[in-house]
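Colleague: Could you walk me through a few spots in this model? I'll ask as I go.

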Amino acid sequence: KQLTARKEEWEREISYSANIGLVFKENLSISPDGISWKGQRYALGDITRVRWGGISRSVNGIPTGTTYTIAFGNARSEAVLDVRKKDIFAAFIEKLWRAVGVRILGEMIESLKGGDALSFGGARIRDDGITIEKRRFFGANEELRLSWAQVHIWSANGSFHIGAKDDKKAFVALSYVNDANTHILEQAIRMAFKKPGMRRLSDFLQ
């Protein structure tokens with residue numbers, strides 16, 4: 001009964017529907033059956049990548065609002081939509097995280113724990129560290145293999161940054177809006193960094 005009750009509660013927590021558009025409206029919905037947008041349905045279990053973020057617009061220096069981008073996809077295709085209303089964006093992202101993000105996070109950590117390396121933009125993520133490029137004005141860029149103890153993280157200009165503590169020129173910037181699963185990687189790293197003596201991303205599971 002408890003399992004059934006928790007399952008039903010989760011199904012309620014992830015369900016959401018909203019109409020998007022000023023004139024010609026399209027329905028965006030998420031439920032245990034999947035995510036539907038413009039007549040196409042993505043099963044929750046098939047979704048392997050998500051990305052989202054907002055970009056502020058201005059005309060002659062005068063702010064004219066923010067466009068929020070949401071994207072989700074499987075191995076074959078991706079749906080991308082723009083939302084003008086912040087409340088719809090925030091509500092859907094909360095549901096998307098619960099429905100898909102938590103699972104992708106778990107699968108990512110298990111993959112790293114099993115010895116796989118995952119590519120994010122110009123970086124390769126391992127359970128015990130990261131490989132990034134150090135930019136050079138002359139000559140080829142230098143590839144650096146760093147442990148997690150050798151890097152620090154920060155957010156700036158719509159991107160999640162991972163850089164070497166002792167070299168300001170060695171870092172990678174992953175766009176929240178354009179690079180798939182940046183939010184999920186950031187969550188994994190921030191959770192792991194909270195664990196004293198952390199050496200591997202999978203340490204936060206212990």
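Colleague: Is Phe 171 exposed, partly exposed or buried?

Modeller: Phe 171 is partly exposed, with a relative accessible area of 24%, where buried means under 20%, exposed over 50% and partly exposed in between, using a 1.4 Å probe and protein chains only. Bear in mind that this is a predicted model, in which local features need pLDDT of at least 70, side-chain atom pairs count only at pLDDT 80 or more, and totals for chains, interfaces and linings use all residues. Residues are numbered from 1 along each chain as its sequence is written, and side-chain values use heavy atoms, with hydrogens and water left out.

Colleague: Switching topic, how many aromatic pairs does a search of the whole structure find?

Modeller: The search finds 5, counting rings of Phe, Tyr and Trp (its six-membered ring) whose centres lie within 6.5 Å, with planes under 30 degrees apart called stacked, over 60 edge-to-face and the rest tilted. One of them is the edge-to-face pair of Tyr 42 and Phe 72, at 5.4 Å centre to centre and 90° between the planes.

Colleague: And which residues do ring pairs link into a cluster?

Modeller: Tyr 42, Phe 72 and Phe 92 are the cluster's members. Tyr 42 counts as buried at 3% relative accessibility, and Phe 72 does too at 0%.

Colleague: What about Asp 127, which residues is it in contact with beyond its neighbours within four places in sequence?

Modeller: Asp 127 touches Leu 112, Lys 113, Trp 148, Arg 199, Arg 200, Leu 201 and Ser 202, contact being heavy atoms within 4.5 Å.
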